[in-house]
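Dear colleague,

Please find below the structure that I am handing over to you. My findings follow directly after it.

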Amino acid sequence: MFVTQGVKAVRMDDIAQALSVSKRTLYELFGDKEELLYQSIRHFSLECRRRRAEASKSIDNELEVMLTSIRDMVSTAPEVRRMRRNMQRFYPAVYERLEKDSQVNSDNDLKEWIERCIEKGYMTKTSNCDFILRVLKESVQGIMVIENGKEAPDSIELISMISYSLVIFIRGLCTKEGIDIIDNCYDRYFGNIQPIDSL
């Protein structure tokens, strides 16, 4: 309900009614709406991570896993950005807690993924995990900010820019084997964004 209707629009009465429990039961379990919101979004995020991990088991190389992860991030970006903005505006304490959780989880996931790519020979041995993490995060943040310092609006163009820049950067770190994998998989996941030939 928070994801589809918005964090401000959903009331404790609505949640109680949807779950067929009393509002008092919700307050006994969670204390207040902020704690319920935090636990709900945290659970939602963990489930998304679990589903991505499960889906990646059927993929036999880490670079293709990366492409599917970026594709998933791109497909949910507008919805996630709207939700984050609303939480930051209406529930700043919850927003801060979730940002800290997300930072730790995403950094750990990315670092493990980079280390596996280096170990498998898809990325050059000179690749530096901490530097790559920093560039990836700052690239996304930079693209999402327009000249006057405000966040850029949600758009297909914005999402395409993020996807394309991440793939270009990662491709530049790859060995020949890694480049071949990205080139062979790119159209499958991002064929409607920009051809790989222009890289």
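Which residues of H6 are buried? In this predicted model, they are Val94, Tyr95, Leu98, Asp107, Trp113, Ile114, Cys117 and Ile118. Buried here means under 20% relative accessible area, with exposed over 50% and partly exposed in between (1.4 Å probe, protein chains only). Helices (H or I, at least four residues) are DSSP runs, numbered from the N terminus.

Two notes on the basis of the values are in order. The model is predicted, so local features need pLDDT of at least 70 and side-chain atom pairs count only at pLDDT 80 or more, while totals for chains, interfaces and linings use all residues. Residues are numbered from 1 along each chain as its sequence is written, and side-chain values use heavy atoms, with hydrogens and water left out.

Helix H6 covers residues 92–120. Its 29 residues reach 41 Å from first C-alpha to last, close to the 42 Å expected at 1.5 Å a residue; the expected span is 1.5 Å times one less than the number of residues. After H6 comes Gly121, with a positive phi near 90°.

Helix H9 (residues 176–190) has 15 residues, which should span 21 Å at 1.5 Å a residue; the end C-alpha atoms are 20 Å apart, in agreement. H9 bends by about 30° at Asn184, the bend being the angle between axes fitted to the seven residues ending there and the seven starting there. Its buried residues are Gly178, Ile181, Ile182, Cys185, Tyr186, Tyr189 and Phe190.

Glu64, in helix H5 (residues 62–90), counts as buried because its relative accessibility is 9%. Leaving aside neighbours within four places in sequence, Glu64 is in contact (heavy atoms within 4.5 Å) with Ile59, Ile181, Cys185, Arg188 and Tyr189. Tyr164 belongs to helix H8 (residues 156–172) and is buried, at a relative accessible area of 13%. Tyr164 and Phe190 are 26 residues apart in sequence, and 8.5 Å apart in space, C-alpha to C-alpha.

Finally, the second largest pocket holds about 290 Å³ of space. Of its 17 lining residues, Met1, Phe2, Leu36, Ser40 and Ile41 are the closest to its centre. A pocket is an open set of points on a 1 Å grid where a 1.4 Å probe fits, with protein on both sides within 12 Å along at least five of seven lines; lining residues have an atom within 4 Å of a point. H4 gives the most to this lining, with five residues.

Yours sincerely

Key
Helices (H or I, at least four residues) and strands (E, at least two) are DSSP runs, numbered from the N terminus. Grid points are joined across faces, edges and corners, and a volume is the space filled by probe spheres set on the points.
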